[in-house]
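Thanks for making time. I will go through one model this morning and keep to what can be read from the coordinates.

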Amino acid sequence: MNFIRFVKGSVQLFFRGTKTYYAWLLFLFLLIVWGAGGYAEQLRDGLITTNMRDSVSWAFYIGNFTFLVGVAAAAVMLVIPAYIYNWKPIKEITIFGELLAVCAVIMSIAFIVVDIGNPMRFWHMLPIFGTMNFPYSMLSWDFFFLLAYLIINFVVVSHLLYSIFYQKEYRKKMVLTIVFISIPMAVGIHTVTAFLYNALPARPFWNSALLAPRFLASAFCSGPAILLILFQILRKVTSFEIKDEAIWRIAELMVYAMFIYLFFTIAELFKEFYSGTQHLLYWKYLLFGIGENKELVPYSWLSIGMGFVAFILFLIPKTRKNFVTLNIGTVLIYASVYVEKGIALIIPGFTPDVLGQIYVYTPSMTEIRTAVMIFSLGSLLFTFLVKVAIAIIFENYNIGSIRRKEESVRIQA
Amino acid sequence: MKKSNSRRSFLKNISLASASALALSGCSLAELEKFFQKNFRTLSEKERKQLIEDLEAEYKQKYHKEFHLSDKPAIDGTLFGYALDISRCIGCRKCVYACVEENNQSREPQIHWIQVLQMEKEKGIDFVHSDVHYNPETVPEEGHFYLPVQCQQCRTPQCTTVCPVKATWQEPDGIVVVDYNWCIGCRYCMAACPYGARHFNWGKPEIPEEEINTEMHYLGNRPRMKGVVEKCTFCIQRVREGRYPACVEVCPVGARKFGNLLDPNSEIRYILENKRVLVLKEELNTQPKFYYFFGV
C-alpha cells in the first residue's frame, strides 16, 4: 500500500513544475516521437536503413554505446574524491551520480539493442536460457558487467531514497560496502568495453594496449561534466548545498584526466607516425583523409579543437574559477568526447577495411533519429528520477507528508 | 459497486481482445515455437528431424518447389583444405557468381561470399593498393594480378571466439558454420574477421524463385533471413556428399584446388608437398586452411 502511495505521489510530482519544466518535457516528447519514427523504419526494413555496410559493420550506434558506458563509469567514480576530500554533501553526490549511472547504462544497453539485427533473439545471450559464450566472448563479459553494474547502482540509490522517504536510517554499512564495490566495477565496465575492441587483432586501429587507459581518461572528462552542470542547477533551484570549492575541485580533477588523455594520445600518435607502418592509414584517414576521402576530417579536428580549448579553460585557475568560462569548458569537453567516441573511435577502425577497401560512412537519418530517440528517452527517465530524488531529499516529500495530506483531505470531507 | 463491476468487465474485454489479436496477428503457435527454438547444437536427434521437416515445408510454401534440406554431420577422417593458384587466376569473377547461385545468396541487396581483388604486379600482395571494383572490358589487365578472397576456414578462427551466443563454430571437418536461426546479428564476428569473409543481411534477402538451389544444408545454403550473418562454407552441402565446391568446378583456368588434408593421396596434399604455399596475414596466427600458391 505504501509503495502504491509512493508511485502515485512520484507520478504526480513528475507532472508538476514550472513553465520551463513543461517546455522541457514537451521538447523531449517531440524528439521521442520524431526519433521513434526513424526507428520504426529500421525495424520494418532492417539495418539497411542505416549507412552501415559489410565494410563498416559497426558505427554510430556502437560509438554512442561506448560513450554512454564512459558516462556511467565516471558518474560513480566521482564518489572517490567526494569521499577523500570529505565534501559535505557526499550522500547527495552519490545519489545523483548513481542515478546518472543507472540512466546511462540503460541507454547504452538500448544502443546495443537497436544495433543488433535480431533484437527479439536477445535472450540467446542469457546464461541458462540461451547459450552465453562465457568467458570467451568479450561481448558476453560486457553484457554481464553492465547488467551487474546496473543492478548494484539501482539497489544502492533506491535503498538510500527509500530510507529517506520512509524516514528511516539507511544501512550505512551495506551502502558503503556496495558503493566501494561499484567503484572498481565502474573502472571494470569501461575497461571491458575497451577490451571489446582491443581484442581484435584484425583491426590495428584498436589493437593498442593504450585503448583501455585512454577510454578511462576520456570518460573522466565527459562523465563529471554532466554532474558539474547538474550540481549548479540543483544549487540554484533546491536547497542542495555544494561549495564552490568542491565544484572547482571536480574541475581540477578533470584537468588531470584531460592531461593524462592528451599524454596517452600523443604517445599513441608518436608510435604510429614515427614507425609509419601500414597501420598508420587509419589515423591518416581520421586526421587528414585518404585521397579524396576526407569525410571524418572535420569531425576529428572539431573534437580536437573543442577538447583543447576546454583543456586551456580548465587549466588556467582564473578561467576555471569563473563560472561562465567553466561552463563553456564543460560543454566543450562533453561535446569533444562525444564526437571522439561517437565517430572518431569506431569508424577509422573499419576504414580502410580488412581488405584495404574504403567505404565512406557517415550516419544516416535513421541512425540519427534512433539515437535521438534513445537520448531523449534517457533524459526523460533521468529527469523523472532526479525530480523524485530532489523532492525526497530537499522538499520533504516523504511518507509522513503524504499521510498528513491524506488526513487533511479526510477531515475536510 | 457498479464501478468495480465495469472495471472487471473492462479487464475481461481487454484480455479477450488481446488474446484474439494475438491469434489473428501472425503471432501463431508456429512462430512462437520458432522464437523459442534452441541452438542447433543443443537439439536432440528428434528435434532436429522435426526442425528439418518444418523448414522444408516452409521453403516449399514460399518458393513452390521441393527442397532437400540436409543436416549431414562431418565425415570422420576429413579435414577440408583449399589451394588457389595465383599465377593462373585471371580475375573473371565466374567463381563469385557461381557461388551466389549455388549458395542462395541474396541478389537484392547483393551479397558476394567471394571478393576478387585486383592487385598491382609491382606491389605484390598489398591490400591497401588493391581494388575490388575493377571493371574493364576484358581481364586480365596489363600489369595486374588477381587475388580472390573468401572465408579462409582458419584453424584458430577469431570470429567464433567472439560470438556472444555460440551461433557460429568450427565443425570437426574444419568448416566454420553459422546457425542462422540462432545468430542475433551483433556483427562482432565481422569486426573480428581479418579477411572480410563474413557478410550481413542488411535488408530482406531476395532470391528469384526460378534461381533457387533446392539442394541445401542446414548449416550452409538454406535461405537466410534479414539481420543475420552468413559466410562461405566450402559448399558444405556438396563437399559432405563427396563433390567439389561450386567455385572449384566453375573456374575456367583450373586455379582452384580442393581436397581432404588428412588424405595423403589428395591433390591438396600434393600441392602442399610440391609447391610453395602462403597464407594471408599469417602474423595474426589464424592458421588458415585456405592456401595460395604459384603453380607456374
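**Core, helix pair and chain contact**

I will begin with a glycine. A:Gly307 touches A:Ile333 and A:Ser336, leaving aside residues up to four places away in sequence. Please keep in mind that this is a predicted model. A:Gly307 is found in helix H11 of chain A, residues 297–315. Is A:Gly307 buried or exposed? The cut-off for buried is 20 or more other C-beta atoms within 10 Å. A:Gly307 has 23 within that distance, so it is buried.

Next, the core. The largest nonpolar core has 187 residues. Those with the most contacts inside it are A:Ala59, A:Ala72, A:Ala75, A:Leu99, A:Leu100, A:Ala104 and A:Ala389. Which helix gives the largest share of this core? That is helix H5 of chain A, residues 90–115, with 15 residues. As background, nonpolar side chains tend to be buried together in soluble globular proteins.

Staying with H5(A), 21 of its 26 residues are buried, so this helix is largely enclosed by the rest of the structure. At 1.5 Å a residue, H5(A) should span 38 Å, and its end C-alpha atoms are 37 Å apart, which agrees.

What does H5(A) meet? One partner is helix H3 of chain A, residues 60–77. The two axes come within 8 Å and cross at roughly 165°. Angles over 145 degrees count as roughly antiparallel, and therefore H3(A) is roughly antiparallel to H5(A). The crossing of the two helices is left-handed.

On the H3(A) side, the residues that meet H5(A) include A:Tyr61, A:Phe65, A:Leu68, A:Ala72 and A:Ala75. On the H5(A) side, they include A:Leu100, A:Ala101, A:Ala104, A:Val105 and A:Phe111. Not counting residues up to four places away in sequence, A:Ala72 touches A:Ala101, A:Ala104, A:Val105, A:Ser108 and A:Ile189.

Last, the contact between the chains. How many residues does each chain put into it? Chain B gives 40 residues and chain A gives 38. On the side of chain B that touches chain A, the elements giving two or more residues are strand E3 (115–120), helix H5 (158–162), helix H6 (188–192) and strand E7 (198–200) of chain B. Of these, H6(B) gives the most, with 4 residues.

Definitions and conventions: Residues numbered from 1 in each chain as written. Chains lettered and ligands numbered in written order. Predicted model: local features only at pLDDT ≥ 70, side-chain atom pairs only at ≥ 80, totals over all residues. Core = buried A, V, L, I, M, F, W, Y, C linked by C-beta atoms within 7 Å. Buried ≥ 20, exposed ≤ 12 C-beta atoms within 10 Å, placed from the backbone. Contact = placed C-beta atoms within 7 Å. Expected span 1.5 Å × (residues − 1). Axes fitted to C-alpha atoms, helices over the stretch in contact; angles between N-to-C directions. Parallel < 35°, antiparallel > 145°, perpendicular 65-115°, else oblique. Left-handed = near helix turned anticlockwise from the far one by under 90°.
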